[in-house]
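Here are some questions on surface patches, aromatic rings and salt bridges. The model is predicted.

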Amino acid sequence: MPNPVTYFELGGRNAAGLRDLYSELFGWKIEPMGESAAGSDFYFVKEEEGGIRGGILQTVEDMPDNYMMFYVSVDDLQGYLDKAEKLGCSTIVAPMAIPNGMGHIAIFQDPQGNFIGLHKF
């Protein structure tokens with residue numbers, strides 16, 4: 001797979017409750033990371049053997065009540081956004097840095113309404 005899925009986010013209005021649920025259900029190791037880029041509570045799901053890293057965040061007013069998103073690793077965020085737009089997608093979040101040296105992200109929406117994240121270290 002030339003551009004693997006490398007990260008996921010799970011969001012809802014009660015991030016602490018999601019953290020507790022998935023920690024108990026799957027045994028995920030989840031640590032508080034402070035605020036997300038949206039300015040809300042954020043928890044980091046540690047990468048386990050055979051899995052990928054992830055995050056659990058508190059959704060805020062301008063976000064859906066809940067959502068699930070995955071991020072695809074790319075080498076050129078804007079280049080992939082441009083290609084996605086030519087294929088009928090819409091840019092939702094322009095390339096931006098994420099805190100704690102975690103690289104940069106961008107988000108687009110496909111013609112069916114799905115949100116897909118792009119990630120570059």
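Q: Which residues form a nonpolar patch on the surface?
A: This is a predicted model. The patch has about 210 Å² of accessible area together. Its members are Val 5, Ile 52 and Phe 70.

Q: Is Ile 52 buried, partly exposed or exposed?
A: Ile 52 is found in the loop between β3 (41-45) and β4 (53-58). Buried means under 20% relative accessible area, and exposed means over 50%. Ile 52 has 34% relative accessibility, so Ile 52 counts as partly exposed.

Q: Which residues gather in a patch of negative charge on the surface?
A: One of them, Asp 76, has its place in the loop between β5 (67-73) and α2 (77-86). Asp 76 is partly exposed, with a relative accessible area of 39%. The patch gathers Asp 75, Asp 76, Asp 82 and Glu 85.

Q: How are the rings of Tyr 22 and Trp 28 arranged?
A: The structure holds 5 aromatic pairs. In the pair of Tyr 22 and Trp 28, the ring centres are 5.4 Å apart and the planes are at 20°. Planes under 30 degrees apart count as stacked. The pair of Tyr 22 and Trp 28 is therefore stacked.

Q: Which residues form one aromatic cluster?
A: Trp 28 is one of the members. Trp 28 is partly exposed, with a relative accessible area of 25%. The cluster is made up of Phe 8, Tyr 22, Phe 26 and Trp 28.

Q: How many residues apart in sequence are the parts that Asp 65 and Arg 13 tie together?
A: The side chains of Asp 65 and Arg 13 meet in a salt bridge (2.9 Å, N to O). Asp 65 lies in the loop between β4 and β5, and Arg 13 in the loop between β1 (5-12) and α1 (15-26). The pair therefore ties together parts whose separation in sequence is 52 residues.

Q: What is the N to O distance in the salt bridge of Asp 20 and Arg 19?
A: Asp 20 counts as partly exposed at 44% relative accessibility. Arg 19 counts as partly exposed at 24%. Their side chains meet in a salt bridge, with an N to O distance of 3.0 Å.

Q: Where does Glu 31 lie, the salt-bridge partner of Lys 46?
A: The side chains of Lys 46 and Glu 31 meet in a salt bridge (3.5 Å, N to O). The pair links distant parts of the chain, 15 residues apart. Lys 46 is in the loop between β3 and β4, while Glu 31 is in strand β2 (residues 30-35).

Definitions and conventions: Residues are numbered from 1 along each chain as its sequence is written. This is a predicted model: local features need pLDDT of at least 70, side-chain atom pairs count only at pLDDT 80 or more; totals for chains, interfaces and linings use all residues. Side-chain values use heavy atoms; hydrogens and water are left out. Patches are made of residues with over 30% relative accessible area and no salt bridge: like charges are joined within 9 Å, nonpolar side chains (Val, Leu, Ile, Met, Phe, Trp, Tyr) within 5 Å. Accessible areas come from the Shrake-Rupley method with a 1.4 Å probe; for residues, only the protein chains shown count as cover. A salt bridge is a side-chain nitrogen of Lys or Arg within 4 Å of a carboxyl oxygen of Asp or Glu. Helices (H or I, at least four residues) and strands (E, at least two) are DSSP runs, numbered from the N terminus. Buried means under 20% relative accessible area, exposed over 50%, partly exposed in between (1.4 Å probe, protein chains only). Lys and Arg count as positive and Asp and Glu as negative; His and the chain ends are not counted. The place of a charge is taken as NZ of Lys, CZ of Arg, CG of Asp or CD of Glu. Rings of Phe, Tyr and Trp (its six-membered ring) pair if their centres lie within 6.5 Å; planes under 30 degrees apart count as stacked, over 60 as edge-to-face and the rest as tilted.
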